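Colleague: Thanks for making time to go through this model with me. Could we take it question by question?

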Amino acid sequence: MSELCYHGFKRNKTICCSLFWERGGNMDTQISAVLRGRKLKKILRTRYSDLRKKYEITQLDIELLQYFDQNPDTSASDVIRDLDLNKGNVSTALFKLFRNGLVDGESNDHDRRIIEYHLREKGKAIIRETDAIRDQLLEQLFRGVSEEEKEVLGKIAVKVCNNLTQLIE
């Protein structure tokens with residue numbers, strides 16, 4: 001189920017959408033819930049709260065660290081485009097992450113004006129903790145779901161997300 005992305009980040013040039021099945025309702029309600037993923041994001045925000053306090057970081061900081069973990073050596077413009085975030089918020093968060101030693105930036109070899117960011121060891125340590133929290137949540141979410149069912153869900157999600165990407169472009 002490697003194609004199944006819960007966080008909405010670019011992976012293998014495919015924008016993956018959040019996944020969460022609502023109980024009850026009709027098929028449209030369930031599909032809408034899958035595409036929104038708000039409940040899953042809310043649960044993750046709650047479970048990340050101790051981590052945010054421990055490292056004095058925001059939810060946006062965590063999202064940026066996760067993005068750079070999945071997409072090393074990418075620019076602020078990539079983040080803004082892929083995560084559909086405000087340029088000012090991203091710039092402020094990147095400055096804070098850089099100042100706190102969580103990310104590092106280097107000029108692009110082809111265009112010195114572009115800074116490419118990657119995680120430093122301190123940022124990787126936070127990612128290991130967020131991954132453990134996320135993996136525990138996914139294990140709970142998929143309790144009782146067979147590997148075959150996960151595979152089918154993953155294939156459907158990739159197709160739907162590819163269609164969404166085409167509609168956006």
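Predicted model: local features only at pLDDT ≥ 70, side-chain atom pairs only at ≥ 80, totals over all residues.

Colleague: Let's start with the overall layout. In what order do the elements of the protein chain run from the N terminus on?

Modeller: Happy to begin there. The protein chain holds 8 helices and 5 strands. Buried residues account for 37% of its 169 residues. From the N terminus on, the order is β-β-α-α-α-α-β-α-α-β-β-α-α.

Colleague: Which element gives the largest share of the largest nonpolar core?

Modeller: That core has 24 residues, and Leu64, Leu65, Phe68, Val79 and Val103 touch the most other members. At least two core residues come from each of α2 (38–47), α4 (59–70), α5 (76–83), α6 (87–99), β5 (115–119) and α7 (121–141). The largest share is 5 residues, and it comes from α4.

Colleague: Within what arc do the buried residues of α6 fall?

Modeller: The buried residues of α6 are Val90, Ala93, Leu94 and Leu97. An α-helix has 3.6 residues a turn, so residues three or four places apart point the same way. Here the buried residues line one face of α6, because, seen down the helix axis, they fall within an arc of 105°.

Colleague: And which residues are exposed on the other side of α6?

Modeller: The buried residues of α6 have cover from elements including α4, α5, β4 (103–107) and β5. On the other side of α6, the exposed residues are Thr92, Phe95 and Arg99.

Colleague: What about the ends of α6: which residue just after it takes a positive phi?

Modeller: At the start of α6, a side-chain oxygen of Asn86 comes to within 2.7 Å of the backbone nitrogen of Gly88. Just after α6, a positive phi of about 75° is taken by Gly101.

Colleague: On to the aromatic rings. Is the pair of Tyr67 and Phe68 stacked or edge-to-face?

Modeller: A search of the whole structure turns up 2 aromatic pairs. In the pair of Tyr67 and Phe68, the centres are 5.8 Å apart and the planes are at 75°. Planes over 60 degrees apart meet the cut-off, so the pair is edge-to-face.

Colleague: How many residues apart are Phe68 and Tyr117?

Modeller: The rings of Phe68 and Tyr117 have centres 5.8 Å apart and planes at 40°, so this pair is tilted. It links distant parts of the chain, with Phe68 in helix α4 and Tyr117 in strand β5, and the separation is 49 residues.

Colleague: Is Tyr117 buried or exposed?

Modeller: Ring pairs link Tyr67, Phe68 and Tyr117 into a cluster. Tyr67 counts as buried at 0% relative accessibility, and Phe68 does at 2%. For Tyr117 the relative accessibility is 15%, so Tyr117 counts as buried.

Colleague: Last stop, α7. Within what arc do its buried residues fall?

Modeller: With 21 residues, α7 reaches 30 Å from its first C-alpha to its last, close to the 30 Å expected. Its buried residues are Gly123, Ile126, Ile127, Thr130, Ile133, Arg134 and Leu137. They line one face of α7, because, seen down the helix axis, they fall within an arc of 130°.

Colleague: Which residues is Thr130 in contact with, leaving aside its neighbours within four places in sequence?

Modeller: Thr130 lies in helix α7, and at 0% relative accessibility Thr130 counts as buried. The cover over the buried residues of α7 includes α2, α3 (49–55), α4 and β5. Apart from those sequence neighbours, Thr130 is in contact with Tyr48, Leu51, Ile62 and Gln66.

Key:
Residues numbered from 1 in each chain as written. Heavy atoms only, no water. Core = buried A, V, L, I, M, F, W, Y, C linked by side-chain atoms within 4.5 Å. Buried < 20%, exposed > 50% of the residue type's maximum accessible area, 1.4 Å probe, protein only. Helix = DSSP H or I, 4+ residues; strand = E, 2+ residues; numbered from the N terminus. Arc of directions from axis to C-beta. Contact = heavy atoms within 4.5 Å. Polar contact = N/O pair within 3.5 Å; in protein donor to acceptor, adjacent residues only side chain to side chain. Phe/Tyr/Trp six-rings, centres within 6.5 Å; stacked < 30°, edge-to-face > 60°. Expected span 1.5 Å × (residues − 1).
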